[in-house]
Amino acid sequence: MKEFDATDLEIVEYKLNAYISVFDGTIKPFSQIEERFDDLYSSEFIEEVANETPVTKQQMSVHATELLSLGTKAKIVSFIPIDASHFKAAIHVQNNFSNTVVESTATIKVGKIVSIRNVICMTESETSSQ
């Protein structure tokens with residue numbers, strides 16, 4: 001197995017854990033997490049979803065605001081390093097309207113996420129039948 005410097009991955013994993021921990025089911029304003037959000041996502045951030053328009057960092061912040069206003073709970077199910085600048089993650093997101101596991105592959109640069117690709121969403125009923 002090829003070894004690589006995992007320093008940036010460790011930094012991003014720490015930041016991702018800190019960011020996701022804010023989604024504890026309590027309704028709160030985005031301003032309460034904005035610093036963690038900006039520390040995790042690069043200003044060049046883009047989310048690439050198959051057959052959809054790419055999502056920018058600004059659009060991602062709007063989505064995070066919506067999730068916070070719904071009292072969403074989230075937790076990291078898995079964080080798997082691929083190489084020094086890529087990882088796969090699965091995050092469980094739950095509120096009164098959704099119970100979903102989101103799986104994606106991310107690219108990092110200088111300790112921040114610059115892109116997320118190949119996003120797969122499964123509802124809780126889909127994940128429990130696998």
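These legends walk through an overview and several close-up views of the protein chain. This is a predicted model, in which local features need pLDDT of at least 70, side-chain atom pairs count only at pLDDT 80 or more, and totals for chains, interfaces and linings use all residues. Residues are numbered from 1 along each chain as its sequence is written, and side-chain values use heavy atoms, with hydrogens and water left out.

**Overview. The protein chain and its elements.** Along the sequence their order is α-α-β-β-α-β-β-β-β-α. The C-alpha trace spans about 45 × 40 × 30 Å along its principal axes. The radius of gyration of the chain is 14 Å, which agrees with the value near 14 Å for a compact globule of 130 residues; the radius is taken over C-alpha atoms, and the globule rule is 2.2 Å times the number of residues to the power 0.38. Of the 130 residues, 38% are buried, where buried means under 20% relative accessible area, exposed over 50%, and partly exposed in between (1.4 Å probe, protein chains only).

**View 1. Serine 115 in strand 6.** Serine 115 is found in strand 6, which covers residues 112-123. This serine counts as buried because its relative accessible area is 8%. Its side chain makes a polar contact with the side chain of arginine 117, at 3.2 Å. A polar contact is a pair of N or O atoms within 3.5 Å; within protein, one must be able to donate a hydrogen and the other to accept it, and residues adjacent in sequence count only if both atoms are side-chain atoms. Not counting residues up to four places away in sequence, serine 115 touches Phe45, Ile46, Thr105, Ala106 and Thr107, with contact meaning heavy atoms within 4.5 Å.

**View 2. Threonine 56 beside Phe45 and Ile46.** Threonine 56 sits in strand 2 (residues 55-56), and its relative accessibility of 32% makes it partly exposed. Beyond four places in sequence, threonine 56 touches Phe45 and Ile46.

**View 3. Threonine 100 in strand 5.** Look next at threonine 100, in strand 5. Is threonine 100 buried or exposed? Threonine 100 is buried, at 12% relative accessibility. The side chains of threonine 100 and serine 98 make a polar contact at 2.7 Å. With neighbours within four places in sequence left aside, threonine 100 is in contact with Ile91, His92, Val93, Cys121, Met122 and Thr123.

**View 4. Glutamine 94 in strand 4.** Glutamine 94 belongs to strand 4 (residues 86-94) and is partly exposed, with a relative accessible area of 35%. Its contacts, apart from neighbours within four places in sequence, are Gly71, Thr72, Lys73 and Asn99. Between the C-alpha atoms of glutamine 94 and phenylalanine 45 there are 24 Å, and the two residues are 49 apart along the chain.

**View 5. Valine 110 in a loop.** Valine 110 lies in the loop between strand 5 (99-109) and strand 6. At 68% relative accessibility, this valine counts as exposed. Most residues other than glycine have a negative phi. Valine 110 has a positive phi of about 50°, although it is not a glycine.

Terms used:
Helix = DSSP H or I, 4+ residues; strand = E, 2+ residues; numbered from the N terminus.
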